4 protein chains.
Amino acid sequence: MIIVLKSGTPEVEVQRIADEMKDWGLTPEKIVGTNNIVIGLVGDTQSFDTDQVQDVSHWVDKVLRVSKPFKRVSREFRHGEPSVIEIPTPNGTVTIGETCPIVMVAGPCSVENQEMIVDTAQRVKAAGAAFLRGGAYKPRTSPYAFQGHGESALELLAEARRVSGLGIITEVMDTADLDRLAEVADVVQIGARNMQNFALLKQVGAQSKPVLLKRGMAATLEEWLMAAEYILAAGNPNVILCERGIRTFDRQYTRNTLDLSVIPVLRSLTHLPIMIDPSHGTGWASLVPSMAKAAIAAGTDALMIEVHPNPTKALSDGPQSLTPDQFTQLTQDLATVGEAIGRWPATYSPVA
Amino acid sequence: MIIVLKSGTPEVEVQRIADEMKDWGLTPEKIVGTNNIVIGLVGDTQSFDTDQVQDVSHWVDKVLRVSKPFKRVSREFRHGEPSVIEIPTPNGTVTIGETCPIVMVAGPCSVENQEMIVDTAQRVKAAGAAFLRGGAYKPRTSPYAFQGHGESALELLAEARRVSGLGIITEVMDTADLDRLAEVADVVQIGARNMQNFALLKQVGAQSKPVLLKRGMAATLEEWLMAAEYILAAGNPNVILCERGIRTFDRQYTRNTLDLSVIPVLRSLTHLPIMIDPSHGTGWASLVPSMAKAAIAAGTDALMIEVHPNPTKALSDGPQSLTPDQFTQLTQDLATVGEAIGRWPATYSPVA
Amino acid sequence: MIIVLKSGTPEVEVQRIADEMKDWGLTPEKIVGTNNIVIGLVGDTQSFDTDQVQDVSHWVDKVLRVSKPFKRVSREFRHGEPSVIEIPTPNGTVTIGETCPIVMVAGPCSVENQEMIVDTAQRVKAAGAAFLRGGAYKPRTSPYAFQGHGESALELLAEARRVSGLGIITEVMDTADLDRLAEVADVVQIGARNMQNFALLKQVGAQSKPVLLKRGMAATLEEWLMAAEYILAAGNPNVILCERGIRTFDRQYTRNTLDLSVIPVLRSLTHLPIMIDPSHGTGWASLVPSMAKAAIAAGTDALMIEVHPNPTKALSDGPQSLTPDQFTQLTQDLATVGEAIGRWPATYSPVA
Amino acid sequence: MIIVLKSGTPEVEVQRIADEMKDWGLTPEKIVGTNNIVIGLVGDTQSFDTDQVQDVSHWVDKVLRVSKPFKRVSREFRHGEPSVIEIPTPNGTVTIGETCPIVMVAGPCSVENQEMIVDTAQRVKAAGAAFLRGGAYKPRTSPYAFQGHGESALELLAEARRVSGLGIITEVMDTADLDRLAEVADVVQIGARNMQNFALLKQVGAQSKPVLLKRGMAATLEEWLMAAEYILAAGNPNVILCERGIRTFDRQYTRNTLDLSVIPVLRSLTHLPIMIDPSHGTGWASLVPSMAKAAIAAGTDALMIEVHPNPTKALSDGPQSLTPDQFTQLTQDLATVGEAIGRWPATYSPVA
């Protein structure tokens with residue numbers, strides 16, 4: 001950590017600050033610049049907040065953290081090795097990670113009835129998906145909008161899982177629902193709006209199912225990684241980071257701005273696998289194919305695509321859903337790009 | 001609701017869409033423009049999502065909602081009358097609303113120990129505060145940062161309440177904690193990160209304590225009002241809206257951008273009282289006085305100010321906290337502006 | 001255009017507004033909804049501002065434009081046909097557009113001296129670039145930073161053009177410099193900071209060299225297209241739209257957020273060709289390869305990549321520049337993706 | 001300046017970087033931390049870009065500037081003394097600055113004809129304005145919208161100046177227009193869209209009329225101050241900084257987000273006077289009074305308010321314009337707040 005002092009800080013105050021830092025167990029090292037004095041703090045600074053240091057004196061101009069605030073999610077924590085998450089499903093174990101073929105997740109925004117969810121599961125499986133997504137509990141801006149069928153939808157997901165053999169990814173919104181939901185889900189999803197619901201993060205960290213952590217719509221990369229750190233710190237190392245678009249000033253032609261640069265940036269910062277959701281990330285079905293192809297070219301480990309048997313009749317998020325036919329077509333287009341970069345499932349050969 | 005069709009939509013498709021709208025129980029009215037056809041939908045459109053309508057045909061260019069999506073929080077719902085929320089405290093009932101004098105809320109970010117919280121309560125009460133704020137459960141970006149003393153801090157707040165007579169405002173972060181917390185709190189706070197934690201919104205709506213609803217850091221005004229609508233729809237009409245700064249592109253000299261224009265905008269949209277938090281809204285104690293004065297001049301109903309007996313030693317949010325002495329000085333400065341606009345407690349005379 | 005009236009608008013006022021619209025030469029059509037009255041305006045509304053209509057009465061709640069504000073740049077203006085821009089260079093005519101192979105533009109941020117610019121030109125040409133970019137006039141945040149060598153740099157660009165045969169793309173910052181600059185440049189660039197320098201837009205529209213129009217860092221798609229409309233309206237149909245990253249709330253690991261969703265969105269809105277600049281779009285050389293590949297997969301028509309023979313010694317924008325060797329390697333990687341989607345120059349076969 | 005090296009940087013590379021810094025004329029001082037090595041650079045670092053230093057080695061993690069990038073605009077440059085700008089007008093010299101009474105600027109968006117501009121001038125003068133604003137050249141998003149009457153409008157402004165005695169503030173958009181415009185204008189305005197039109201900044205810096213510099217809609221405070229630095233560096237010390245709202249994610253109820261926190265922040269960073277424009281800052285006339293009062297309470301030195309004799313018929317920006325009657329009423333309301341804080345013209349007594 002580095003303390004930059006305001007120009008004109010009296011020598012006696014510089015000394016007082018240095019002494020206080022020693023009391024905190026840190027070793028202060030002073031650099032006298034042309035205009036400012038800088039104090040470098042050597043020692044275990046991770047347990048101190050920059051805010052606390054800032055407040056030691058009103059002569060402090062700014063406090064800069066030199067080391068990253070996250071630890072268990074950092075690439076260094078695994079000595080540069082990427083995590084590969086192994087997820088058992090009825091159809092066999094699926095692996096997600098930098099060294100694995102790309103994993104497809106598909107399904108409707110919300111589970112509406114048995115026929116639609118089972119039918120969708122079978123269609124997306126045929127097209128190559130390894131996981132079925134579908135909401136039992138739905139975060140909706142309006143209290144008057146369809147909120148998901150809740151517990152009964154979990155049973156329908158279990159049925160779709162039995163019939164199709166696909167793994168199930170579904171969202172938890174309340175600590176009170178986690179146990180029931182984790183009985184059905186192969187991967188537990190934390191939605192964008194709950195990315196900093198710390199009570200929920202701690203709880204999914206204390207159970208054993210892998211967690212899909214969506215990025216909050218105004219979350220910085222560090223906040224996102226710190227949210228993942230909550231889960232790892234609570235004991236669960238299996239977290240997949242899912243970008244789903246951020247909020248920006250222009251929302252006329254896209255609902256969110258899909259930030260694909262997270263792929264190379266996260267790769268350098270963390271060992272965790274990366275998923276991209278171009279359906280929420282753009283909000284419009286017509287934009288999904290281009291962005292899905294781009295995500296693969298940029299190096300994503302997995303894709304999440306909304307598919308609904310009849311988007312016009314969808315109870316939620318219709319405009320961003322593909323039909324099963326469109327999804328089948330899309331996977332063929334994606335295969336071309338995926339094969340070009342050597343990560344398409346059907347043609348993948350692990351690096352020796 | 002209005003459907004704008006793409007130019008070139010075939011007549012037969014226009015008819016099909018109109019027929020579908022009739023099936024939904026709506027009356028379609030067609031306007032044929034120079035380039036586009038527009039269909040106005042007459043009837044109860046509130047139960048339909050614009051997304052659903054969008055998806056009726058790929059010839060739909062856009063769907064526009066004419067009426068507001070919120071209902072119980074709207075100004076019209078009370079025929080233009082502002083809500084006045086009456087909150088019993090040991091020192092007497094405090095009223096918050098457009099027709100009342102300005103209410104001051106003050107206290108530390110988190111409750112650290114009995115001495116500090118009781119001392120702060122007495123100091124801010126002496127300076128004119130009606131409520132003590134203080135966190136028992138703290139949302140922190142890092143899992144390694146101080147998370148609040150939890151349940152034991154609730155007892156300290158109860159003690160501070162007994163000693164000072166101030167009402168207590170404290171944040172709930174998990175549905176599992178609400179009952180215990182509501183025993184102590186006179187006002188239950190939903191923090192910015194949980195503004196769209198819908199499980200929590202429903203639950204605070206189902207209990208009787210007034211709710212302070214902070215704006216999410218990237219929440220639009222409509223999303224914020226819809227979050228309040230969740231609470232009213234669940235049965236609790238006593239919601240106070242608190243602006244605490246939004247996230248923008250420049251975070252070098254302020255941590256958030258305090259959006260004071262919400263004051264006149266909310267006034268026209270809703271009957272709910274408005275509070276401004278310039279401490280989180282700027283992130284720096286030195287900016288609090290200017291922004292607090294501005295908030296009063298702009299017409300806020302209440303202010304929330306962070307005060308800590310020793311900001312340098314604060315376990316959280318030190319840089320934005322005033323000392324009790326600074327807070328005492330601030331209230332004197334605020335009085336000047338508050339009196340000028342006729343809303344300062346000591347000099348307030350209700351409009352006949 | 002559609003006028004939404006506030007609920008409770010008196011009938012006499014509705015009539016007055018309708019009459020005023022008739023005076024403006026428009027035909028008002030009224031739809032009486034459950035809560036609101038809506039007036040559709042039929043006729044040539046393009047010459048009216050929504051603001052003007054808004055101001056006709058304080059009973060107007062909002063005014064919505066049904067048709068797009070842009071005309072000449074719209075896809076419809078060319079009946080759905082994409083523009084192909086033909087640019088003569090010493091090495092032959094280069095074509096840029098949706099039906100053409102991908103065009104590579106490369107070169108340094110600023111022209112530093114003859115050796116570096118000629119050397120870079122030869123290196124990027126060998127790797128497959130069709131154009132050399134390089135700044136003679138540089139927009140710099142600080143007045144104390146290197147501002148470009150100006151007119152003398154134009155001569156160096158002319159020399160690099162002669163030696164390499166590459167076309168030249170360079171930025172104009174002042175109407176006073178345009179004539180001299182257009183003598184050397186094959187494509188005139190308008191930078192992000194000048195996207196709404198309307199005097200400059202009009203002037204580049206009144207000359208004949210193609211224009212590369214970068215997106216302003218907080219420009220909406222409509223504002224960007226309207227800036228292009230200025231150029232077309234002034235007589236120059238040859239505009240290339242270049243995305244270079246937008247400003248968002250997180251700038252810690254990328255300098256801008258590269259918005260690749262503009263590719264499919266612009267494709268549906270406009271006939272103009274699209275270029276992506278992943279160097280400015282991310283700000284870091286290490287992120288350029290992933291984003292360049294993603295841009296190709298998403299369907300871009302051209303790429304602009306910063307290349308500097310010695311980024312460490314660059315007078316501007318070093319951290320985002322590739323070395324010539326890195327650029328050569330990159331084009332090989334891009335070829336794999338470009339071939340997969342059928343748009344790589346060496347292997348491109350036009351659709352019959 | 002401080003260089004933070006990546007963890008694991010080899011000792012030989014640390015030495016090489018330190019040596020390179022010596023070659024640049026700087027004195028490197030090394031601090032060896034627990035995880036990272038930090039090099040402090042002592043000497044005249046203002047002429048170096050952080051980018052250049054970043055690029056010295058790929059082992060550099062980040063480069064932090066300790067001192068501010070601006071110099072002449074900084075508060076320190078005048079040893080903490082605020083600038084007071086004296087502007088001669090026919091009615092006498094107007095002074096703008098922290099130690100002066102608040103200055104009111106009012107007038108229409110654009111100059112439409114002689115009657116309206118002269119009439120407006122007389123009305124706003126009667127209400128207490130010291131300056132008339134009015135656009136001769138108008139920046140408009142659409143090439144088809146009214147672009148201002150240009151040179152002939154300058155003559156009308158000159159006439160309004162003669163008749164009313166008010167000073168004139170009008171915007172320059174092109175270097176080619178500056179000379180003519182400066183003959184009429186008492187203050188030359190640089191609009192938000194041209195805040196980083198560096199050719200224009202240099203030119204207004206090289207003439208003698210005071211400059212009103214509006215903040216770009218996505219400009220950071222540092223970028224804004226650096227734009228002012230361009231003007232001061234070119235020789236003109238008389239710059240007024242005008243906040244006019246920034247672009248954020250929510251534009252439904254306000255067109256921009258007025259950032260009043262700039263007032264206390266700029267006060268600590270710069271000696272330059274501050275003006276607030278609540279008309280553009282919100283985009284709606286109904287929001288102007290609250291925000292104008294807030295700006296005064298927060299400490300602004302001047303206000304710019306749009307006033308149009310008949311906003312409904314305005315050729316531009318009608319919805320945000322007050323009528324002269326509304327402006328007269330507003331100044332009375334502002335007086336109450338202005339007097340409370342001791343800065344209202346009629347009642348101002350300079351601090352002894």
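Mentor: Residues are numbered from 1 along each chain as its sequence is written, and chains are lettered from A in the order in which they are written. In this predicted model, local features need pLDDT of at least 70, side-chain atom pairs count only at pLDDT 80 or more, and totals for chains, interfaces and linings use all residues, while side-chain values use heavy atoms, with hydrogens and water left out.

Trainee: Why is the meeting of D:Asp61 and A:Lys68 called a salt bridge?

Mentor: A salt bridge requires a side-chain nitrogen of Lys or Arg within 4 Å of a carboxyl oxygen of Asp or Glu. The side chains of D:Asp61 and A:Lys68 meet at 3.7 Å, N to O, so the pair qualifies under that limit of 4 Å. Between chain D and chain A the count is 2 salt bridges.

Trainee: What makes an area between chain D and chain A count as buried?

Mentor: Buried area is the accessible area (1.4 Å probe) that two parts lose on being put together, summed over both. Chain D and chain A bury about 1900 Å² between them, with 59% of it on carbon and sulfur atoms. Within chain D, the most area is lost to chain A by D:Ile31, D:Val66 and D:Phe249, together 29% of what that side buries.

Trainee: How many residues does each chain bring to the contact?

Mentor: Chain D gives 26 residues and chain A gives 26 residues, where contact means heavy atoms within 4.5 Å.
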